Amino acid sequence: MGALNDIFGVMFASMSSLKMRAEAGGKHISGAERLLADVELESAAVIMLQRALQHSRGSADKITFSIEEHQDEQIRPGVLPDLTNNLVDDWQQGRDVAQALLVEAGVAEVAAQNALLELHQGAAPGGESMRGAMLIDADSGERLEEDPARGVRASRMDLTDDARQFLEAALNSAGFNNTHVIEALTLAAKVIAAPNLVAELCWSDDPDYTAGYVASGCFGYQRISCLKQQGERRGGRAFFVRTADKDLATTIDWLERVPLLIDQIGTILPGKDWRCC
Ligand code: AMP
């Protein structure tokens with residue numbers, strides 16, 4: 001852990017998860033998660049701190065970091081989903097595309113509609129953005145997460161250095177390299193590999209970033225160019241699950257606790273253009 005080692009006298013032998021959470025007036029501003037080798041922790045923490053201090057959702061008055069070590073044998077290898085870019089005229093058309101994709105992935109129409117409405121209205125109490133994701137029954141649309149403000153947080157996932165370099169090069173040549181896409185692809189890889197997970201829906205809570213996606217094991221990561229109005233602060237995620245016995249413990253354990261290091265990227269497939277001519 002570099003300088004932190006010197007301060008605390010701790011030796012982290014293998015990889016560690018690093019988490020940052022920023023809030024203002026008790027409300028969520030931003031969060032970030034990485035899974036890193038010791039030598040990378042310090043520089044990654046500085047980047048997270050800069051992000052928390054300069055976030056477009058406002059300036060934080062409380063920033064919390066946590067670091068937790070993982071032994072090599074606990075870390076699972078992962079694969080990124082293929083990416084398809086869906087171009088839409090506006091957020092209303094984007095939501096129609098999202099609804100259709102969710103149904104294609106096996107989510108019931110009513111469950112997809114409920115999730116879109118919850119995210120539109122702000123899924124946390126008081127119409128705010130949640131800190132994590134809703135867990136939604138893929139058949140009934142019922143919300144299953146215990147805490148509607150926190151939800152469930154996908155955590156402890158990252159790309160190997162090689163996978164990150166290949167991904168950046170592939171995204172650059174496709175014309176849309178940005179940190180939102182890299183982070184969201186990494187998170188979606190973990191989510192769609194979870195037991196009992198049918199699909200994921202996401203749009204950002206960053207008022208300047210209007211794109212979002214639907215991801216699933218059957219068609220990968222479907223980026224949608226617009227899913228909300230410019231300036232809108234409400235965003236969020238919905239993880240759709242289907243379980244025979246409503247036992248969510250295995251799914252939540254995978255999402256929040258199992259460390260996943262992605263060493264293989266997917267393909268960037270030809271885009272789909274839904275815009276009117
Ligand atoms: P972002 O894509 O970072 O703008 O996050 C959009 C929304 O997704 C946030 O408002 C949270 O509700 C949710 N979210 C962010 N990070 C996570 C995570 N690690 N796991 C689950 N949900 C998340």
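This is a predicted model: local features need pLDDT of at least 70, side-chain atom pairs count only at pLDDT 80 or more; totals for chains, interfaces and linings use all residues.

Modeller: Residues are numbered from 1 along each chain as its sequence is written, and side-chain values use heavy atoms, with hydrogens and water left out.

Colleague: What radius of gyration does the protein have?

Modeller: We take it over C-alpha atoms, and the globule rule is 2.2 Å times the number of residues to the power 0.38. With 277 residues, a compact globule would come out near 19 Å, so the protein agrees with that at 18 Å.

Colleague: How much of the protein is buried?

Modeller: Buried means under 20% relative accessible area, with a 1.4 Å probe and protein chains only. Of the 277 residues, the buried share is 50%.

Colleague: Which elements do the buried residues of α7 pack against?

Modeller: Helices (H or I, at least four residues) and strands (E, at least two) are DSSP runs, numbered from the N terminus. In α7, residues 249-257, the buried ones are Thr 251, Trp 254, Leu 255 and Glu 256. They pack against β4, α6, β8, β11 and β12.

Colleague: Which strands pair with β8?

Modeller: Pairing takes at least two DSSP bridges between two strands. In β8, 7 of 7 residues are buried. Leu 197 stands opposite Val 241 in β11, and Trp 203 faces Gly 212 in β9. Both pairings are antiparallel, over 6 bridges with β11 and 4 with β9.

Conventions:
Contact means heavy atoms within 4.5 Å.
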